Amino acid sequence: MAGLGAATTLHQLGCSDFVIVEAQSKPGGRIHTLQLDDKILELGAQWIHGKENPLYELALRHDLLSETTSEEGLGLYVRDNGDIIDNDIVRRVDFEVGKILSECEQFVKAIEHPKSVGEFLEGKFLEYLNQCHDPDDIKEIKLELLDWHVRFQVIDNSCLDLNQLSAKGWGEYICMEDKAHINLKCGYNKLVAVLVDNLPKNSLLLNTAVVQIKRASKSSERNKLICQDGSIVTCDHLIVTPSLGVLKNCLKISPPLPSQISNSIEDLGFHGIGKIFLIFDCKWWDTDGFQFVWRRNADLEDESSWIRNITGFDSVVHAPNVLLGWIGGEGVKVMEDLSDEAVGALCIKLLRRFVRNKTVPDPVRVVRTSWFSNPWIRGGYSHITPDCDGSGSGMHRLSEPVFVDGKPRILVAGEAVHSTQYSTTHGAYESGQQQAEVLFQYMTKNSKL
């Protein structure tokens, strides 16, 4: 989406001498809409966050917005012994966790700060429990709900655990005014199609994976993109838009990028999240979802311990007979290594363990994501780690152009480059727009159009 944002902006500004080089068979990066009969399953980006961004405006202009918005963590909160937790307790813990995380935002400009979000959340929640006059069994349930919220935040922030999430950086991300998630009635891929259709013909190279970039080191040279198929693409200016996971592990760039950029690539975090869609013959549940709350002494077989990373299953907009399970942490890679049948069997076993007052049928189909296994993505999206604290590294350093003899030869864009809206689709798109505008201003000033 960063590449599409850059290309769209250049084209709107009157520059058509560009090409998007895309490794995958389709444009859109981490957007992947699967259409099954009348069902829309978003295997990648799922929502538009807020209305004050260009993707919302584009979707509104082309009548792509659904009237139905979504929220997460709805439905019944159920313990692994089948007990349904009282809604009042669920709401009180949700309020307290939200309050603590809001307090964490104060550290963004502070000299003294906790090391991680995990450390701060756990410490403050234990303080809250100690001040309560709840019976021991209620305190135990509240600790179990805290565990659910930790697992939820691991997924929401695409990190391995909350101790790898910077407390100082927590306030960098700015929540949009509208907290409800905005759906697209025909799927995210329709938004991608609108963008691609408005680009010049032959400006998009699909199935063209770049494995190495030889960047210009003097004014007489051009950037060279060495592709997996042996082809070479040369250019004067290059906007690099792969995921942070690819920048960390796969893409060779020589000479190496300047230290402020390479250090930020290394220090920023990039893990993953997974989705598991269970498709049934018909809807058998009468709630918005099931959230799994584990007792601390609950038994779980070693070979299926990865399912502990699933927070629960939610209902899916536009697919009434489908449940969507979210998984994070170490469980994502394990899930991707299993077969559809094995994943489905374990998920049904899990549902039957928690939802004991209903007959849970076998699904007719299981669909799950594989972003970690995708060599051109390598995970979900970025987050700020404690390694960024005090080092000067971070999203803002990734946006700095690489100049050679006064020319911006390399610019980086993507969700990991947006200082306040990282992890979002519109953040990726906006970063592409911003870098294209930097490049256009240079070309205009130097009469290169």
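**Local packing in the predicted model**

Leaving aside residues up to four places away in sequence, H32 is in contact (heavy atoms within 4.5 Å) with K26, L41, E42, L43, G44 and W371. The structure is a predicted model, in which local features need pLDDT of at least 70 and side-chain atom pairs count only at pLDDT 80 or more, whereas totals for chains, interfaces and linings use all residues. Residues are numbered from 1 along each chain as its sequence is written, and side-chain values use heavy atoms, with hydrogens and water left out.

H32 is placed in the loop between β1 (20-21) and β2 (33-36); helices (H or I, at least four residues) and strands (E, at least two) are DSSP runs numbered from the N terminus. With a relative accessibility of 28%, H32 is partly exposed, a class that lies between buried (under 20% relative accessible area) and exposed (over 50%), for a 1.4 Å probe and protein chains only. A distance of 9.0 Å separates the C-alpha atoms of H32 and Q46, which are 14 residues apart along the chain.

Helix α1 (residues 2-12) is largely enclosed by the rest of the structure, because nine of its 11 residues are buried. These are A2, G3, L4, G5, A6, A7, T8, T9 and L10. The buried residues of α1 pack against β1, α6 (188-197), β12 (238-240) and α12. Just after α1, G14 has a positive phi of about 100°.

Two packed helices are described by the angle between their axes and the distance between the axes. Axes are lines fitted to C-alpha atoms, for helices over the stretch in contact, and angles run from 0 to 180 degrees between N-to-C directions. For α1 and α12, the axes come within 7 Å and cross at roughly 40°. The two helices are therefore oblique to each other; angles under 35 degrees count as roughly parallel, over 145 as roughly antiparallel, 65 to 115 as roughly perpendicular and the rest as oblique. The crossing of α1 and α12 is right-handed, meaning that the near helix is turned clockwise from the far one by less than a right angle, with anticlockwise giving a left-handed crossing. On the α1 side the contact is made by A2, L4, G5, A6, T8, T9 and L10, and on the α12 side by A428, Y429, S431, G432, Q433, A436, E437 and M443.

Helices α3 (residues 87-104) and α5 have axes that come within 10 Å and cross at roughly 55°. This pair is also oblique, and its crossing is right-handed. Residues I89, V90, R92, V93, D94, V97 and L101 of α3 meet I138, I141, K142, L145, L146, H149 and Q153 of α5.

Aromatic rings of Phe, Tyr and Trp (its six-membered ring) pair if their centres lie within 6.5 Å, and planes under 30 degrees apart count as stacked, over 60 as edge-to-face and the rest as tilted. The count is 13 aromatic pairs. The rings of Y173 and Y422 have centres 5.5 Å apart and planes at 70°, so this pair is edge-to-face. Y173 lies in the loop between α5 (136-156) and β7 (181-184), and Y422 in the loop between β22 (407-412) and α12 (425-445), so the pair ties together parts that are 249 residues apart in sequence. Y173 is partly exposed at 22% relative accessibility, whereas Y422 is buried at 8%. F280 and W285 also form an edge-to-face pair, at 5.9 Å centre to centre and 65° between the planes. Both residues of the F280 and W285 pair are buried, and F280, W284, W285 and F290 form one aromatic cluster.
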